[in-house]
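Biologist: I would like to learn how to read a model of this kind with care. Could we go through it feature by feature?

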Amino acid sequence: MSSAVLKALKAPKIGIVSLGCPKALVDSERILTRLRAEGYEIAPDYQGADAVLVNTCGFLDTARAESLEAIGEAIAENGRVIVTGCLGAEADLIRATHPKVLSVTGPHQYEAVMEAVRAAVPPAHDPLFDLVPPQGIRLTPRHYAYLKISEGCNNTCSFCIIPSMRGKLQSRRVDAVLKEAERLVAAGVKELLVISQDTSAYGVDVKYAPYEWRGARYETRFVDLARGLGELGVWTRLHYVYPYPHVDAAIPLMAEGKILPYLDIPFQHASPKILKAMRRPASQEKTLEQIERWRSICPDLVIRSSFIVGFPGETEEDFAFLLEWLKAARLLRVGCFRFEPVKGASANALPDQVPEEVKEERYARFMETQQAISAEILAGWVGRALDVLIDAVDEDGAVGRSYADAPEIDGAVILEGETGLRPGDVVRARVVAADAYDLWAERAG
(Lines give C-alpha, C1' and ligand atoms only; values in the text may rest on other atoms or scores of the structure.)
Protein backbone atom coordinates (compact mmCIF):
# COMPACT_ATOMS: atom_id res chain seq x y z
CA MET A 1 0.00 0.00 0.00
CA SER A 2 1.39 3.44 -0.95
CA SER A 3 2.38 6.00 1.67
CA ALA A 4 -0.26 8.40 0.30
CA VAL A 5 -3.03 5.84 0.88
CA LEU A 6 -1.72 5.05 4.35
CA LYS A 7 -1.65 8.76 5.08
CA ALA A 8 -5.29 9.17 3.97
CA LEU A 9 -6.36 6.23 6.14
CA LYS A 10 -4.66 7.68 9.21
CA ALA A 11 -5.73 11.30 8.72
CA PRO A 12 -8.24 12.43 11.37
CA LYS A 13 -11.60 13.44 9.95
CA ILE A 14 -13.70 16.42 11.00
CA GLY A 15 -17.35 16.92 10.05
CA ILE A 16 -18.82 20.39 9.77
CA VAL A 17 -22.35 21.80 10.00
CA SER A 18 -22.53 25.42 8.80
CA LEU A 19 -25.61 27.48 9.67
CA GLY A 20 -26.59 31.09 9.10
CA CYS A 21 -25.70 33.78 6.59
CA PRO A 22 -23.03 33.92 3.85
CA LYS A 23 -20.66 35.62 6.30
CA ALA A 24 -20.84 32.54 8.53
CA LEU A 25 -20.31 30.37 5.47
CA VAL A 26 -17.05 32.23 4.77
CA ASP A 27 -16.00 31.60 8.38
CA SER A 28 -16.62 27.89 7.81
CA GLU A 29 -14.56 27.98 4.62
CA ARG A 30 -11.65 29.59 6.46
CA ILE A 31 -11.81 26.97 9.19
CA LEU A 32 -11.92 24.19 6.59
CA THR A 33 -8.86 25.65 4.89
CA ARG A 34 -6.98 25.68 8.20
CA LEU A 35 -8.06 22.11 8.92
CA ARG A 36 -6.84 20.84 5.56
CA ALA A 37 -3.56 22.73 5.94
CA GLU A 38 -2.95 20.87 9.20
CA GLY A 39 -3.65 17.46 7.72
CA TYR A 40 -7.29 16.92 8.64
CA GLU A 41 -9.71 15.31 6.22
CA ILE A 42 -13.29 16.57 5.92
CA ALA A 43 -15.90 13.93 6.74
CA PRO A 44 -19.09 13.91 4.61
CA ASP A 45 -21.28 12.56 7.42
CA TYR A 46 -21.50 12.14 11.18
CA GLN A 47 -20.47 8.48 11.20
CA GLY A 48 -17.19 9.06 9.40
CA ALA A 49 -16.07 11.96 11.59
CA ASP A 50 -13.75 11.83 14.58
CA ALA A 51 -15.42 15.04 15.76
CA VAL A 52 -18.05 17.46 14.42
CA LEU A 53 -17.77 21.24 14.28
CA VAL A 54 -21.08 23.18 14.36
CA ASN A 55 -20.85 26.80 13.18
CA THR A 56 -23.94 28.42 14.67
CA CYS A 57 -26.18 31.40 14.02
CA GLY A 58 -27.58 33.42 16.92
CA PHE A 59 -29.25 36.44 15.33
CA LEU A 60 -32.95 35.57 15.60
CA ASP A 61 -34.67 33.36 18.16
CA THR A 62 -35.59 30.94 15.37
CA ALA A 63 -31.93 30.78 14.31
CA ARG A 64 -30.86 30.19 17.93
CA ALA A 65 -33.33 27.33 18.20
CA GLU A 66 -32.10 25.85 14.92
CA SER A 67 -28.51 26.05 16.12
CA LEU A 68 -29.29 24.36 19.42
CA GLU A 69 -31.19 21.66 17.54
CA ALA A 70 -28.23 21.12 15.19
CA ILE A 71 -25.86 20.80 18.15
CA GLY A 72 -28.15 18.23 19.71
CA GLU A 73 -28.34 16.25 16.48
CA ALA A 74 -24.56 16.25 16.14
CA ILE A 75 -24.18 15.01 19.74
CA ALA A 76 -26.75 12.27 19.16
CA GLU A 77 -25.19 11.14 15.87
CA ASN A 78 -21.51 11.56 16.70
CA GLY A 79 -21.00 12.47 20.36
CA ARG A 80 -17.87 14.63 19.96
CA VAL A 81 -19.00 18.17 19.13
CA ILE A 82 -17.18 21.51 18.97
CA VAL A 83 -19.34 24.65 18.76
CA THR A 84 -18.39 28.00 17.25
CA GLY A 85 -20.10 30.96 15.56
CA CYS A 86 -22.47 33.68 16.71
CA LEU A 87 -24.39 31.60 19.24
CA GLY A 88 -21.01 30.62 20.67
CA ALA A 89 -21.02 34.03 22.36
CA GLU A 90 -23.60 32.49 24.71
CA ALA A 91 -21.48 29.62 25.98
CA ASP A 92 -23.50 29.26 29.18
CA LEU A 93 -26.72 28.70 27.22
CA ILE A 94 -25.07 26.10 24.98
CA ARG A 95 -23.48 24.22 27.86
CA ALA A 96 -26.71 24.31 29.89
CA THR A 97 -28.63 22.88 26.94
CA HIS A 98 -25.94 20.48 25.74
CA PRO A 99 -23.43 19.79 28.55
CA LYS A 100 -21.63 17.17 26.43
CA VAL A 101 -20.14 19.68 23.96
CA LEU A 102 -16.34 19.58 23.98
CA SER A 103 -15.72 23.29 23.38
CA VAL A 104 -17.54 26.56 22.67
CA THR A 105 -16.02 29.59 20.91
CA GLY A 106 -17.53 32.79 19.52
CA PRO A 107 -17.65 34.15 15.95
CA HIS A 108 -14.50 34.41 13.78
CA GLN A 109 -12.25 33.00 16.57
CA TYR A 110 -10.37 30.81 14.14
CA GLU A 111 -7.35 30.05 16.31
CA ALA A 112 -9.53 29.12 19.28
CA VAL A 113 -11.48 26.75 17.03
CA MET A 114 -8.28 25.15 15.80
CA GLU A 115 -7.01 24.71 19.36
CA ALA A 116 -10.29 22.98 20.27
CA VAL A 117 -10.03 20.68 17.25
CA ARG A 118 -6.39 19.81 18.03
CA ALA A 119 -7.33 19.03 21.63
CA ALA A 120 -10.21 16.78 20.60
CA VAL A 121 -8.51 15.13 17.62
CA PRO A 122 -4.72 15.59 17.38
CA PRO A 123 -3.54 16.23 13.79
CA ALA A 124 -1.43 13.81 11.78
CA HIS A 125 0.46 16.45 9.86
CA ASP A 126 2.66 15.58 6.93
CA PRO A 127 3.72 18.49 4.67
CA LEU A 128 4.46 16.05 1.81
CA PHE A 129 0.78 15.18 1.44
CA ASP A 130 -1.24 17.98 3.04
CA LEU A 131 -1.96 19.98 -0.08
CA VAL A 132 -4.33 22.96 0.09
CA PRO A 133 -5.30 24.80 -3.09
CA PRO A 134 -4.24 28.47 -3.17
CA GLN A 135 -7.87 29.65 -3.06
CA GLY A 136 -8.52 27.61 0.11
CA ILE A 137 -11.42 25.24 0.79
CA ARG A 138 -14.87 26.51 -0.19
CA LEU A 139 -18.42 25.33 0.43
CA THR A 140 -19.94 27.11 -2.58
CA PRO A 141 -20.01 25.73 -6.14
CA ARG A 142 -16.79 26.19 -8.09
CA HIS A 143 -18.09 29.07 -10.20
CA TYR A 144 -19.00 31.57 -7.48
CA ALA A 145 -17.52 32.59 -4.13
CA TYR A 146 -18.25 34.93 -1.26
CA LEU A 147 -15.57 37.54 -0.59
CA LYS A 148 -15.71 38.81 2.99
CA ILE A 149 -14.10 42.24 3.31
CA SER A 150 -14.62 43.00 7.00
CA GLU A 151 -15.93 41.77 10.33
CA GLY A 152 -18.24 43.53 12.77
CA CYS A 153 -20.33 46.68 12.45
CA ASN A 154 -20.37 50.24 13.84
CA ASN A 155 -24.13 50.71 13.48
CA THR A 156 -26.46 50.43 16.47
CA CYS A 157 -29.73 49.30 14.87
CA SER A 158 -32.23 48.65 17.64
CA PHE A 159 -33.34 45.26 16.27
CA CYS A 160 -29.80 43.90 15.81
CA ILE A 161 -27.13 42.46 18.11
CA ILE A 162 -24.39 41.91 15.54
CA PRO A 163 -22.00 44.48 17.10
CA SER A 164 -22.28 42.76 20.47
CA MET A 165 -21.60 39.35 18.87
CA ARG A 166 -19.01 40.27 16.25
CA GLY A 167 -17.67 43.56 17.56
CA LYS A 168 -16.97 46.87 15.87
CA LEU A 169 -16.00 47.18 12.22
CA GLN A 170 -12.68 45.52 11.35
CA SER A 171 -11.79 46.03 7.69
CA ARG A 172 -9.33 43.79 5.88
CA ARG A 173 -6.50 45.40 3.94
CA VAL A 174 -7.63 46.20 0.42
CA ASP A 175 -4.60 44.51 -1.14
CA ALA A 176 -5.31 41.32 0.83
CA VAL A 177 -8.92 41.29 -0.39
CA LEU A 178 -7.90 41.91 -4.01
CA LYS A 179 -5.23 39.19 -3.88
CA GLU A 180 -7.78 36.73 -2.48
CA ALA A 181 -10.13 37.68 -5.32
CA GLU A 182 -7.31 37.06 -7.82
CA ARG A 183 -6.73 33.58 -6.42
CA LEU A 184 -10.42 32.78 -6.62
CA VAL A 185 -10.65 33.92 -10.24
CA ALA A 186 -7.54 31.91 -11.11
CA ALA A 187 -9.28 28.85 -9.62
CA GLY A 188 -12.25 29.25 -11.95
CA VAL A 189 -14.62 31.51 -10.03
CA LYS A 190 -16.91 33.45 -12.39
CA GLU A 191 -18.75 35.51 -9.78
CA LEU A 192 -17.53 37.28 -6.63
CA LEU A 193 -20.13 38.17 -4.02
CA VAL A 194 -18.79 40.91 -1.74
CA ILE A 195 -20.14 40.58 1.80
CA SER A 196 -19.74 42.16 5.23
CA GLN A 197 -22.07 43.65 7.82
CA ASP A 198 -21.80 47.11 6.23
CA THR A 199 -19.97 47.03 2.90
CA SER A 200 -20.19 50.77 2.26
CA ALA A 201 -18.43 51.51 5.58
CA TYR A 202 -15.41 49.47 4.46
CA GLY A 203 -12.15 51.09 5.53
CA VAL A 204 -13.49 53.78 7.84
CA ASP A 205 -11.94 52.02 10.85
CA VAL A 206 -8.45 52.02 9.28
CA LYS A 207 -8.76 55.56 7.95
CA TYR A 208 -8.81 54.27 4.37
CA ALA A 209 -5.20 53.08 4.55
CA PRO A 210 -3.55 52.85 1.09
CA TYR A 211 -1.80 49.77 -0.31
CA GLU A 212 -0.40 48.72 -3.65
CA TRP A 213 -1.94 46.09 -5.91
CA ARG A 214 -0.83 45.33 -9.45
CA GLY A 215 1.47 48.34 -9.34
CA ALA A 216 -1.30 50.82 -8.53
CA ARG A 217 -2.37 52.56 -5.33
CA TYR A 218 -5.68 51.52 -3.78
CA GLU A 219 -7.17 52.87 -0.59
CA THR A 220 -9.03 50.61 1.81
CA ARG A 221 -12.39 52.06 0.89
CA PHE A 222 -15.59 50.94 -0.83
CA VAL A 223 -15.08 52.60 -4.20
CA ASP A 224 -11.42 51.65 -4.59
CA LEU A 225 -12.26 48.04 -3.77
CA ALA A 226 -15.02 48.03 -6.38
CA ARG A 227 -12.64 49.57 -8.90
CA GLY A 228 -10.01 46.89 -8.25
CA LEU A 229 -12.49 44.01 -8.43
CA GLY A 230 -13.73 45.45 -11.71
CA GLU A 231 -10.32 44.73 -13.22
CA LEU A 232 -10.65 40.96 -12.77
CA GLY A 233 -13.07 40.36 -15.63
CA VAL A 234 -15.70 38.40 -13.66
CA TRP A 235 -19.08 39.25 -12.20
CA THR A 236 -18.75 41.30 -9.01
CA ARG A 237 -21.90 41.65 -6.89
CA LEU A 238 -22.11 44.07 -3.93
CA HIS A 239 -24.12 43.01 -0.88
CA TYR A 240 -25.11 44.70 2.39
CA VAL A 241 -24.59 48.26 1.14
CA TYR A 242 -25.97 51.25 3.02
CA PRO A 243 -27.05 54.17 0.79
CA TYR A 244 -24.33 56.55 1.94
CA PRO A 245 -23.51 59.43 -0.47
CA HIS A 246 -20.13 57.93 -1.46
CA VAL A 247 -21.90 54.89 -2.93
CA ASP A 248 -22.73 57.20 -5.85
CA ALA A 249 -19.15 56.82 -7.08
CA ALA A 250 -19.66 53.08 -7.73
CA ILE A 251 -22.57 53.58 -10.12
CA PRO A 252 -20.40 54.69 -13.09
CA LEU A 253 -18.40 51.45 -12.66
CA MET A 254 -21.67 49.59 -13.15
CA ALA A 255 -22.61 51.67 -16.19
CA GLU A 256 -19.20 50.85 -17.69
CA GLY A 257 -19.67 47.12 -17.12
CA LYS A 258 -16.82 46.87 -14.60
CA ILE A 259 -19.03 45.47 -11.85
CA LEU A 260 -22.60 44.15 -11.96
CA PRO A 261 -25.35 46.80 -11.92
CA TYR A 262 -26.74 45.27 -8.73
CA LEU A 263 -26.90 46.66 -5.21
CA ASP A 264 -28.15 44.80 -2.16
CA ILE A 265 -29.35 47.52 0.22
CA PRO A 266 -31.31 46.51 3.35
CA PHE A 267 -33.65 49.53 3.62
CA GLN A 268 -35.77 47.76 6.32
CA HIS A 269 -38.56 50.38 6.26
CA ALA A 270 -39.62 53.75 4.83
CA SER A 271 -41.65 55.43 7.56
CA PRO A 272 -39.47 58.15 9.14
CA LYS A 273 -40.85 57.30 12.57
CA ILE A 274 -40.02 53.60 12.25
CA LEU A 275 -36.60 54.26 10.71
CA LYS A 276 -35.82 56.46 13.72
CA ALA A 277 -36.97 53.74 16.13
CA MET A 278 -34.81 51.25 14.22
CA ARG A 279 -31.83 53.66 14.40
CA ARG A 280 -31.27 53.23 10.69
CA PRO A 281 -28.72 55.56 9.03
CA ALA A 282 -30.99 56.58 6.14
CA SER A 283 -33.69 59.04 5.03
CA GLN A 284 -36.46 57.65 2.84
CA GLU A 285 -36.94 60.90 0.87
CA LYS A 286 -33.25 61.27 0.08
CA THR A 287 -33.06 57.56 -0.70
CA LEU A 288 -35.75 57.84 -3.40
CA GLU A 289 -33.86 60.77 -4.93
CA GLN A 290 -30.63 58.78 -4.74
CA ILE A 291 -32.20 55.78 -6.48
CA GLU A 292 -33.50 58.04 -9.25
CA ARG A 293 -30.05 59.56 -9.68
CA TRP A 294 -28.41 56.13 -9.83
CA ARG A 295 -30.86 54.97 -12.49
CA SER A 296 -30.20 58.07 -14.58
CA ILE A 297 -26.52 57.02 -14.70
CA CYS A 298 -27.08 53.26 -14.97
CA PRO A 299 -30.60 52.42 -16.26
CA ASP A 300 -29.96 48.66 -15.90
CA LEU A 301 -29.39 48.95 -12.15
CA VAL A 302 -31.20 46.31 -10.09
CA ILE A 303 -31.70 46.94 -6.38
CA ARG A 304 -32.53 44.13 -3.99
CA SER A 305 -33.59 44.89 -0.45
CA SER A 306 -35.18 43.53 2.69
CA PHE A 307 -37.85 45.03 4.93
CA ILE A 308 -39.31 44.38 8.37
CA VAL A 309 -43.04 44.62 9.01
CA GLY A 310 -44.66 44.66 12.42
CA PHE A 311 -41.82 46.57 14.08
CA PRO A 312 -42.83 47.91 17.53
CA GLY A 313 -44.86 51.09 17.13
CA GLU A 314 -45.68 50.45 13.46
CA THR A 315 -49.17 51.80 12.86
CA GLU A 316 -51.41 51.20 9.86
CA GLU A 317 -50.37 54.67 8.68
CA ASP A 318 -46.68 53.70 8.88
CA PHE A 319 -47.33 50.50 6.97
CA ALA A 320 -49.35 52.27 4.28
CA PHE A 321 -46.47 54.73 3.92
CA LEU A 322 -44.11 51.79 3.37
CA LEU A 323 -46.33 50.33 0.64
CA GLU A 324 -46.50 53.68 -1.16
CA TRP A 325 -42.73 54.06 -0.91
CA LEU A 326 -42.33 50.57 -2.33
CA LYS A 327 -44.49 51.49 -5.32
CA ALA A 328 -42.43 54.64 -5.89
CA ALA A 329 -39.06 52.89 -5.54
CA ARG A 330 -40.00 49.99 -7.87
CA LEU A 331 -37.36 47.62 -6.56
CA LEU A 332 -37.03 44.32 -8.42
CA ARG A 333 -35.75 41.92 -5.75
CA VAL A 334 -37.30 42.27 -2.29
CA GLY A 335 -37.53 40.12 0.81
CA CYS A 336 -39.73 40.73 3.83
CA PHE A 337 -39.50 39.61 7.45
CA ARG A 338 -41.99 39.80 10.27
CA PHE A 339 -40.41 41.52 13.28
CA GLU A 340 -39.02 38.95 15.66
CA PRO A 341 -37.49 39.86 19.04
CA VAL A 342 -33.79 39.12 19.25
CA LYS A 343 -32.35 38.39 22.68
CA GLY A 344 -30.37 41.43 23.79
CA ALA A 345 -31.80 43.85 21.19
CA SER A 346 -33.08 47.18 22.50
CA ALA A 347 -36.13 47.02 20.21
CA ASN A 348 -37.57 44.34 22.50
CA ALA A 349 -38.28 47.01 25.14
CA LEU A 350 -40.01 49.43 22.77
CA PRO A 351 -43.68 50.16 23.50
CA ASP A 352 -46.63 49.27 21.26
CA GLN A 353 -45.57 45.78 20.22
CA VAL A 354 -47.53 44.66 17.16
CA PRO A 355 -49.75 41.56 17.56
CA GLU A 356 -48.69 38.48 15.61
CA GLU A 357 -51.89 38.36 13.58
CA VAL A 358 -51.31 41.94 12.44
CA LYS A 359 -47.74 41.09 11.44
CA GLU A 360 -49.03 38.20 9.35
CA GLU A 361 -51.66 40.34 7.65
CA ARG A 362 -49.13 43.08 6.84
CA TYR A 363 -46.61 40.56 5.59
CA ALA A 364 -49.19 39.15 3.16
CA ARG A 365 -50.13 42.63 1.91
CA PHE A 366 -46.49 43.61 1.54
CA MET A 367 -45.65 40.51 -0.50
CA GLU A 368 -48.75 40.92 -2.68
CA THR A 369 -47.74 44.51 -3.45
CA GLN A 370 -44.14 43.63 -4.20
CA GLN A 371 -45.01 40.60 -6.33
CA ALA A 372 -47.12 42.83 -8.56
CA ILE A 373 -44.21 45.27 -8.92
CA SER A 374 -41.69 42.52 -9.70
CA ALA A 375 -44.04 40.80 -12.16
CA GLU A 376 -44.61 44.05 -14.04
CA ILE A 377 -40.89 44.82 -14.25
CA LEU A 378 -39.94 41.31 -15.39
CA ALA A 379 -42.75 41.23 -17.98
CA GLY A 380 -40.93 44.15 -19.58
CA TRP A 381 -37.82 41.99 -19.87
CA VAL A 382 -39.46 39.61 -22.37
CA GLY A 383 -37.48 39.86 -25.60
CA ARG A 384 -34.38 41.12 -23.83
CA ALA A 385 -31.02 39.36 -24.30
CA LEU A 386 -29.04 38.64 -21.13
CA ASP A 387 -25.86 36.89 -20.07
CA VAL A 388 -26.77 33.90 -17.92
CA LEU A 389 -24.41 32.17 -15.48
CA ILE A 390 -25.38 28.50 -15.30
CA ASP A 391 -25.82 27.01 -11.81
CA ALA A 392 -27.27 23.56 -12.50
CA VAL A 393 -28.05 21.22 -15.39
CA ASP A 394 -30.28 18.14 -15.44
CA GLU A 395 -32.29 16.10 -17.94
CA ASP A 396 -34.84 18.91 -18.30
CA GLY A 397 -32.36 21.67 -19.11
CA ALA A 398 -30.31 24.32 -17.35
CA VAL A 399 -30.99 26.79 -14.55
CA GLY A 400 -28.90 29.90 -14.20
CA ARG A 401 -28.96 33.50 -13.09
CA SER A 402 -28.74 36.91 -14.71
CA TYR A 403 -26.99 39.95 -13.27
CA ALA A 404 -30.26 40.62 -11.42
CA ASP A 405 -30.05 37.42 -9.38
CA ALA A 406 -27.81 36.60 -6.45
CA PRO A 407 -27.57 32.88 -5.62
CA GLU A 408 -30.14 31.41 -3.24
CA ILE A 409 -31.99 34.67 -2.50
CA ASP A 410 -33.18 35.98 -5.89
CA GLY A 411 -34.78 34.51 -8.98
CA ALA A 412 -33.52 32.21 -11.70
CA VAL A 413 -33.28 32.02 -15.49
CA ILE A 414 -34.63 28.71 -16.81
CA LEU A 415 -33.37 27.34 -20.14
CA GLU A 416 -35.54 24.34 -20.97
CA GLY A 417 -33.91 21.62 -23.05
CA GLU A 418 -30.37 23.02 -22.71
CA THR A 419 -28.81 19.82 -21.38
CA GLY A 420 -25.39 20.35 -22.96
CA LEU A 421 -24.34 23.17 -20.67
CA ARG A 422 -22.25 22.91 -17.51
CA PRO A 423 -22.33 24.80 -14.20
CA GLY A 424 -20.12 27.85 -14.56
CA ASP A 425 -20.87 28.39 -18.26
CA VAL A 426 -21.94 31.90 -19.23
CA VAL A 427 -24.33 31.96 -22.17
CA ARG A 428 -26.30 34.61 -24.01
CA ALA A 429 -30.05 34.04 -23.85
CA ARG A 430 -33.22 35.86 -24.85
CA VAL A 431 -36.12 36.08 -22.39
CA VAL A 432 -39.34 34.49 -23.67
CA ALA A 433 -41.50 34.46 -20.51
CA ALA A 434 -41.50 35.74 -16.93
CA ASP A 435 -43.36 35.65 -13.64
CA ALA A 436 -42.85 37.60 -10.41
CA TYR A 437 -39.56 35.88 -9.66
CA ASP A 438 -38.11 33.88 -12.56
CA LEU A 439 -37.37 34.21 -16.25
CA TRP A 440 -37.61 31.62 -19.02
CA ALA A 441 -35.15 32.08 -21.86
CA GLU A 442 -33.77 30.53 -25.03
CA ARG A 443 -30.18 30.55 -26.25
CA ALA A 444 -29.51 33.61 -28.41
CA GLY A 445 -27.36 33.45 -31.53
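Biologist: Does Glu-408 count as buried or exposed, and at what relative accessibility?

Modeller: Glu-408 counts as exposed, because its relative accessibility is 73%. Please keep in mind that this is a predicted model, in which local features need pLDDT of at least 70 and side-chain atom pairs count only at pLDDT 80 or more, while totals for chains, interfaces and linings use all residues. Residues are numbered from 1 along each chain as its sequence is written, and side-chain values use heavy atoms, with hydrogens and water left out.

Biologist: Where is the place of Glu-408, and what is its phi?

Modeller: As a general idea, most residues other than glycine have a negative phi. Glu-408, although it is not a glycine, has a positive phi of about 75°, and its place is in the loop between strand S17 (397-401) and strand S18 (413-416). Helices (H or I, at least four residues) and strands (E, at least two) are DSSP runs, numbered from the N terminus. Lys-207 is another non-glycine residue with a positive phi, of about 55°; Lys-207 is found in the loop between strand S9 (191-195) and strand S10 (210-213), and with a relative accessible area of 73% Lys-207 is exposed.

Biologist: How should I read Leu-93: what is its relative accessible area, and which residues is it in contact with?

Modeller: Leu-93 lies in helix H4 (residues 91-97) and is partly exposed, because its relative accessible area is 25%. With neighbours within four places in sequence again left aside, Leu-93 is in contact with Arg-64, Leu-68 and Leu-87. In helix H3 (residues 61-77) we find Glu-69, which counts as exposed at 58% relative accessibility; the C-alpha atoms of Glu-69 and His-98, 29 residues apart along the chain, are separated by 9.8 Å.

Biologist: Into which domains is the chain divided?

Modeller: Domain bounds come from an automatic or database domain assignment, and here the chain is divided into domain 1 (13-120), domain 2 (144-380) and domain 3 (384-443). The contact takes 22 residues from domain 2 and 22 residues from domain 3, and the centres of these two domains, taken over C-alpha atoms, are separated by 25 Å.

Biologist: Why does the radius of gyration agree with that of a compact globule?

Modeller: The radius of gyration is taken over C-alpha atoms, and the globule rule is 2.2 Å times the number of residues to the power 0.38. For 445 residues a compact globule would have a radius near 22 Å, and the chain has 23 Å, so the two agree. The chain has 13 helices and 20 strands, and 53% of its 445 residues count as buried.

Notes
Buried < 20%, exposed > 50% of the residue type's maximum accessible area, 1.4 Å probe, protein only. Contact = heavy atoms within 4.5 Å.
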